[in-house]
Amino acid sequence: MRAAAWFAVGALGMIGAGLGAAGCDWRDFDSIQDDTPVLAVGPPSDYQAPNDFGGVILALTPPADGSAAARFLGSATSQTGLAIVDIDPSGHASGHNVTSSTLDSSNNSAVTAMAEIPGTGNVLLGLPSLSSQSTLLTLNLTSLVVSPFVLSTEAQLGVGVAAGALGGAAAPELVALSGSALHVYLDGLSTSELVAADSAACPLVLAPTLPSVERINRAVVIGALTGSGPQIVVGTPVLVGAGTVSFFTVDATARTVTCAQSLTAPMVGDSQFGQALAIGDFDGDGVPDLLVGSPPNRAYLYRGPIAASAAPTATLTAATTGGAFGSALVALSLDSKAGDEALVADPKATVGGQDGAGSVTIFSGPALATKSPTILAPHDPSGGEAYGASLGALPFCATVPCPAAPPRLPLVGAASQVFTYFTQGLTDPRTK
């Protein structure tokens, strides 16, 4: 692994509690490495794309045997490159390349979408293609064996993936998006496929000319957001006009996937509305809410349950003018109090005079109305670092058995590294 690097976090009142009273800066933390809340992780030394590691990240459930306190996957976005990173209970990271003949035969295609399949120890991988064979794969996290799941000539199949219970049998359903359709594999079986096509009520088409960054890890989440059971929620940015977010329900008995409702961008110019989605309970009422990214400078909160054509509860705006605010989102509790915080990334933000260094802004409160003075940003920024290219919520289990609701730590991907922040609220989950 590469040597750790330390990041500036401005005023650390929320994340660095116990060390970071408001007003402390990075100089205090550089001299106290045992207590610093920041760990930077680079790819393994033999990773194929060392400058392309954190563009797509996936936080994973830690292994039940306690062999790691936390685990995540990082993938290259321009070529084949996949690595799994384990973090031990003391906060030290080690990485391993995921290699296989199946990946080798993919014509150097990039894994640009990943989803953990709950309760199975497997991950669904998407290798979409605009002009040749698209592939869905599964990765076994114990053996690191990669297996083919679906091979298709459908353009962009696997541009977005998800997994979760949608009403089938005990096994979770697998979900994959193409450039124009939604595929649901009941009980995780490729032989039991349901398809929903693009429609005026629930748009799904991604223009082939859409910038590649808007086609990486296409936004799709599963959650009970309308008050009537789980739905598949899909974001569809467009070239011109207003993007949309569409809700689909699955009836396993009738074998149908149905458009339930959709949300249209509040402003006509919000063409990238739906580029990122995050589910969280931001007001602490026990009902899931939806956060929708709308680069270049907005994100919208929809309080659950969400009705058709609902108006946003709140609009979050950029603190800077980088041009990609809202392109990555995550929800998690940073202060151990009721209600999640929202982390909103702008990987193009200018930091320290460096264009594209990237930053992440934290919002809290029932309507996410409080913008924290904490702005996560590079300690030594460099142009094009793209801090915030991806975001995740990393479960951290320092003891076995893992608690039912372990601490979840901010996980921030950049061009060549992934960063996590250890201290959460008044506790530090690491063992000392």
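Predicted model: local features only at pLDDT ≥ 70, side-chain atom pairs only at ≥ 80, totals over all residues.

Visitor: Great. How many salt bridges does the structure hold?

Guide: There are four. One of them pairs Asp86 with Arg71, with 2.6 Å between the closest N and O atoms.

Visitor: Where do those two sit in the chain?

Guide: Asp86 belongs to strand 4 (residues 82–87) and Arg71 to strand 3 (residues 70–75). They are 15 residues apart, and the pair links distant parts of the chain.

Visitor: And are Asp86 and Arg71 buried or exposed?

Guide: Both Asp86 and Arg71 are buried.

Visitor: OK, switching topic. What does Arg303 pair with?

Guide: Arg303 forms a salt bridge with Asp283, where the closest N and O atoms are 2.6 Å apart. Arg303 is in the loop between strand 20 (298–302) and strand 21 (314–317), while Asp283 is in the loop between strand 18 (276–280) and strand 19 (289–294).

Visitor: Why does Asp283 count as buried?

Guide: Because its relative accessible area is 18%, and buried means under 20%. Arg303 has 47%, so Arg303 is partly exposed.

Visitor: What about Arg303 and Asp285?

Guide: Their side chains also meet in a salt bridge, at 3.5 Å from N to O. Asp285 lies in the loop between strand 18 and strand 19, so this pair ties together parts 18 residues apart in sequence. Asp285 is partly exposed, at 35% relative accessibility.

Visitor: So which residues end up in one network?

Guide: Asp283, Asp285 and Arg303, joined by salt bridges that share partners.

Definitions and conventions:
Residues numbered from 1 in each chain as written. Heavy atoms only, no water. Helix = DSSP H or I, 4+ residues; strand = E, 2+ residues; numbered from the N terminus. Buried < 20%, exposed > 50% of the residue type's maximum accessible area, 1.4 Å probe, protein only.
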